[in-house]
Amino acid sequence: MDYSFALQQLVYGLTVGCLYGLLAIGYTMVYGVLRLINFAHGDLLMVSAYAGFFGIVIFQIPWPVSFAGAIILTALLGILIDRGAYKPIRKSPRINALITAIGVSFLLENLGLVIIGGRPKSFPMPDVFAGSILLGAVNIPALSIWILVITLVLLAVCLVVVRKTRIGMAMRALSRDMETVMLMGVDKDRVISFTFALGSALAAAGGIMWCMKYPAVEPFMGVIPGLKAFVAAVLGGIGNVTGAALGGLILGLAEVLIVAIEPDWSGYRDAVAFFLMIIILLTRPTGIMGEQLPD
Amino acid sequence: MDLLLDVRCLSVSFGGVRAVNSLDLEIRKGEIVGLIGPNGAGKTTAFNAVTGRIRPSSGAIFFCGAEITGWPSPRIARNGIARTFQNIKLYEDLSVIENVMIAAHSSISYSFLEAIFGFGRFSADESRIRSRAEELLKLMNLKELAFERASSLPYGSQRKLEIARALALEPKLLLLDEPVAGMNPTETREFGGFLLRLRDNLSIGVGLIDHDMSFVMEVCDKIRVIDHGIPIAWGTPFEIRNDNKVIAAYLGTDFGGQPVDYATN
Amino acid sequence: MNKTKVSRDKSLTIFSVLLLLAFIFYAERNFNHYTIRILENIAIFITLAVSYNLINGIMGQFSLAPNAFLAIGAYTSAIFTLSPEEKLRSFIIEPMIWPLSVLSLPFAVSLLLAGLVTALVAFFMAAPVFRVRGDYLAIVTLGFGEVIQVLANNLISLTNGSLGLKGLHPYTNLWWAWGVCIFTIFCTVRLINSSYGRAMKAVREDEIAAEAMGINAFRVKTLAFTFSAFFQGVAGGLLAHLITTISPSLFTFMFTFNLLIIIVIGGLGSTTGSVIAAILITWGGEALRVFEEPSNFLGFNYKGVPGMRMVLFSLILILVMLFARSGIMGRAEFSWESLFRWFRRKLPC
């Protein structure tokens, strides 16, 4: 394999991997706190993409304001989903919460279909993100650099929030032991809402960047990235923020690698994630960075 | 061969903490052996290791002469070790009689195809399992409640049902984890009598964990005392009652059923 | 229960089945094509829901694999019934692999093969799938469905890729659909009422206690998974020969979602509930089609909104989970005895 070709593939892999990672962090945080796979998480990506699209194209709002608005809206929607659908069934069996989550996911997707329609819309890319740099024979899109930088910054912010702030510590405590936290007088619902807001905001940021990379906005666009992000979270060790980002990177690189090695296998790209997941669950169910949780 | 269970030098660790440390334990046919110790001494952990729920970190477990260390729990159960749980684990949404019948699952000889089309050994097996379950419910005075939901039973009856279920496995060894917890003194006495009859009539071995010392002293033939995972004494109830190490471990607790105020000694 | 009541119930059941067959006989001659199609759909969905409920309701393991099993069954049966000429005609990207390319079998044999192949796949899937529980199981089985779609798209010399298989003979009629449906219910109910079924319920209620009573939970799960996959595979074969054209995009997660709604509304764990809800949802889904099609109602021109039905269904699912968790039946089952008791209460004489 050619050296510069390999580097080029690495750039692609890193870009996709960062996007998976951003989504995976939100997944992993919500799972850590609630032990619930928030199936609707991937659909938040779609919501933020539509919000950004409408802001720029329909309402002609400058892009930074549109993007910020999209992220805030998505974060609020995350809180709303938790309060409306998940909170009432916290005490019932996990299977019920899971079914509800699937219901919410389908509701969002089909509401999107009903309100906006199924025809893909093309997402506008602000000039800052366009263009590319040529390093030798390797073409690095400006967007890839942006994605990498933004992901690293957001990851750092998340780590600081989780490790250093009071609410972050409460989040970590919640993911260990619900009962003790309640005894300690932490307002559980506030912590959960905060987790949903933070996770959804990350998904929103990821969604906007996703759309700039793959510019078609449509109601079901969040399904596959959402599933893969969950796989990334499992790979990294569910509940672990750094692990989720790492899992995303590994998944992104693996997908690009498989096609780079054997172009005929490009059709199997979407299956890579699930093969990886089955392998990791069979060999190391707690993921790369996960710790053993008592059952 | 009277020796049923032979636990040798069993240790169990959880993330660096030794929950059980070099435990030796023998249970013979027709014998009730108590396993006692203060809270968190590792008694239930020892039961979990013997029944295959957790893997011991070292040591060996022999049952009827064969080594069963590290066997999966269903296999150990089918080999003849039945147990009850400290925090009652019934199949709550199923009827009382179904709870008991389920324990006989490993004894059925019909395949699922025979079950579906109703030929072969299906009917014979089903009626055998059912009548055996009815017998056991009668033994435990639960016959009238056979078609109630298990979770609707009062606490004491749930404990009894758990024992009926364990007996449906036709075990050689029965491990009871705090069987009289929550029973009043009369019920406890009755249960003690029942346990002695069970030992003599079925000639099975019984391992017993409980915090009710007078009950343990009364029914057990031998007692093993552990503290913080470490075995500190082994002997007959009389020997245990007078063991200095045991008294020290239980310092200040109501030991032996009589109010003993060690602090003033 | 005494002997006379057992034989009374048996004759009542046989009588009702005969009544159903008489109804089918009547329907086949007198109903229009559209109604017959709905009745066939209902039978296929009952088959799917009853076997799906065995895993999710009776055994409490949250699988999301039915669309995968349906796809495997549909493709298997279609590959075996298509005529060699049709295969030659439609496999334009790559020719079909020999000997499948020259093989053509009767419908009944292909259905049986569909069931067996699907069951075999499920059997081998069980080992990795049941290493995990709960939420992880949901994702692994969901991923399995995606993998099957990817395979259907890429194993072109077997499945004809994204072009799919066309020109299947419409073998599936009322008799086939309802015959399979009745057979599935019979087998599933018999299995549930045996020691195997009790073991499945024990695994649902408390896996640790089940294992402590000598039940090998993994074996029980594998049995249920394989058993359920068999009938879902057969249902896939029926479906393929009802719509006569299949392609990978047909077997999306949407199918599993519809089945999930059915078993949740019927009551997770109740076969009776699954049957009732399968009828309601399939029929209701057809009735709700008006929302998605253009119509003229009292002078209003309604354009029709695609996706409206799924919005309603998702809302129903969420609302049932929030406010009526046990669905129509809870875990209760129909019995003649309870029916009589109900009548006696309603009509005191």
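**Chain B: fold and sheet**

Author: In this predicted model, chain B contains 10 helices and 10 strands.

Reader: What does the C-alpha trace of chain B span along its principal axes?

Author: The spans are about 70 × 40 × 35 Å.

Reader: And how many of the 265 residues count as buried?

Author: In chain B, 43% of them do. As for contacts between residues at least 6 apart in sequence, 66% join residues at least 24 apart.

Reader: Turning to the open sheet of 4 strands in chain B, what is the strand order?

Author: The order is S2-S1-S4-S5 in chain B, and the pairing is antiparallel. Strand S2 (17-28) and strand S5 (66-67) of chain B form the edges, each pairing on one side only.

Reader: What holds paired strands of a sheet together, in general?

Author: Strands pair through backbone hydrogen bonds, in either a parallel or an antiparallel manner.

Reader: Over how many bridges do S1 and S2 of chain B pair?

Author: Strand S1 (residues 3-14) of chain B pairs with S2(B) over 8 bridges, in the antiparallel sense. Within this pair, Leu5(B) stands opposite Ile27(B) of S2(B).

Reader: Which strands does helix H1 of chain B lie across?

Author: Helix H1 (residues 43-50) of chain B lies across S1, S2 and strand S4 (58-63) of that chain. Relative to S1(B), the helix runs at about 115 degrees.

Definitions and conventions: Residues numbered from 1 in each chain as written. Chains lettered and ligands numbered in written order. Predicted model: local features only at pLDDT ≥ 70, side-chain atom pairs only at ≥ 80, totals over all residues. Helix = DSSP H or I, 4+ residues; strand = E, 2+ residues; numbered from the N terminus. Buried ≥ 20, exposed ≤ 12 C-beta atoms within 10 Å, placed from the backbone. Contact = placed C-beta atoms within 7 Å. Pairing = 2+ DSSP bridges. Axes fitted to C-alpha atoms, helices over the stretch in contact; angles between N-to-C directions.
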